[in-house]
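Dear colleague,

Please find below the structure I am handing over to you. My findings follow it.

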Amino acid sequence: MSGADQPGRTTGDKIIRFAMVGVVNTVIDLASFSLLLWLKAPPLGANLGAWIVAVAFSFVANGFWSFERDPAISLHSAFLRFVSLGALISLGVSSLSIAFLAGIVGVWPAKIAGVILGAVLNFLAARWSIEGRLLK
């Protein structure tokens, strides 16, 4: 069932759902990151691979459960918006965190710092990419 077929959700409901998806998404991201590091991928390569897995899950879960997709925005456009913003925010923030902080605090704390900062920014980005709005 698409978001357009579901009754309207409050912003609070969307935040709770987004947070729940975010917890699962973070587990997927960290597990994928860990596996790729274990397979000897370099940290930034592992981060990219983990992000690809996590963003695919996140789009499906948020697009069909957390938010109500605007029918005027095609699924393809919503996906491109979501992935583009995800690359800029999630991948960008986590990669910058790893690049600049890993030598100081270690790879894992740097990754976690990037995940936390990215989550805050991603709610607005996901809402805009799926619903076509930020604050309404």
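**Overall fold and selected details**

For a chain of 136 residues, a compact globule would have a radius of gyration near 14 Å; the protein chain has 15 Å, which agrees. Please note that the model is a predicted one. Along its principal axes, the C-alpha trace spans about 45 × 25 × 20 Å.

The protein chain contains four helices and zero strands, in the order α-α-α-α from the N terminus. Among contacts between residues at least 6 apart in sequence, 74% join residues at least 24 apart. Buried residues account for 38% of the 136 residues. The accessible surface comes to about 7,300 Å², and 76% of that belongs to carbon and sulfur atoms. There are 10 positive and 6 negative side chains, with the centres of the two sets 5 Å apart.

Helix α1 covers residues 11–38; at 1.5 Å a residue its 28 residues should span 40 Å, and its end C-alpha atoms are 39 Å apart, which agrees. Its buried residues are Lys14, Phe18, Val21, Asn25, Asp29, Ser32 and Phe33. The cover over these buried residues includes α2, α3 (75–105) and α4 (107–131). Just after α1, Lys40 takes a positive phi of about 75°.

Asn47 lies in helix α2, which comprises residues 43–66. Its relative accessible area is 0%, so Asn47 is buried. Leaving aside neighbours within four places in sequence, Asn47 is in contact with Phe33, Leu91, Ser94, Ser95, Ile98 and Lys111. Asn47 and Leu37 are 10 residues apart in sequence, and their C-alpha atoms are 9.0 Å apart in space.

Yours sincerely

Key: Residues numbered from 1 in each chain as written. Predicted model: local features only at pLDDT ≥ 70, side-chain atom pairs only at ≥ 80, totals over all residues. Heavy atoms only, no water. Helix = DSSP H or I, 4+ residues; strand = E, 2+ residues; numbered from the N terminus. Buried < 20%, exposed > 50% of the residue type's maximum accessible area, 1.4 Å probe, protein only. Contact = heavy atoms within 4.5 Å. Expected span 1.5 Å × (residues − 1). Rg over C-alpha atoms; globule rule 2.2 N^0.38 Å. Areas by Shrake-Rupley, 256 points an atom, 1.4 Å probe, with all protein chains shown as cover. Lys, Arg positive; Asp, Glu negative; His and termini not counted. Charge placed at Lys NZ, Arg CZ, Asp CG, Glu CD.
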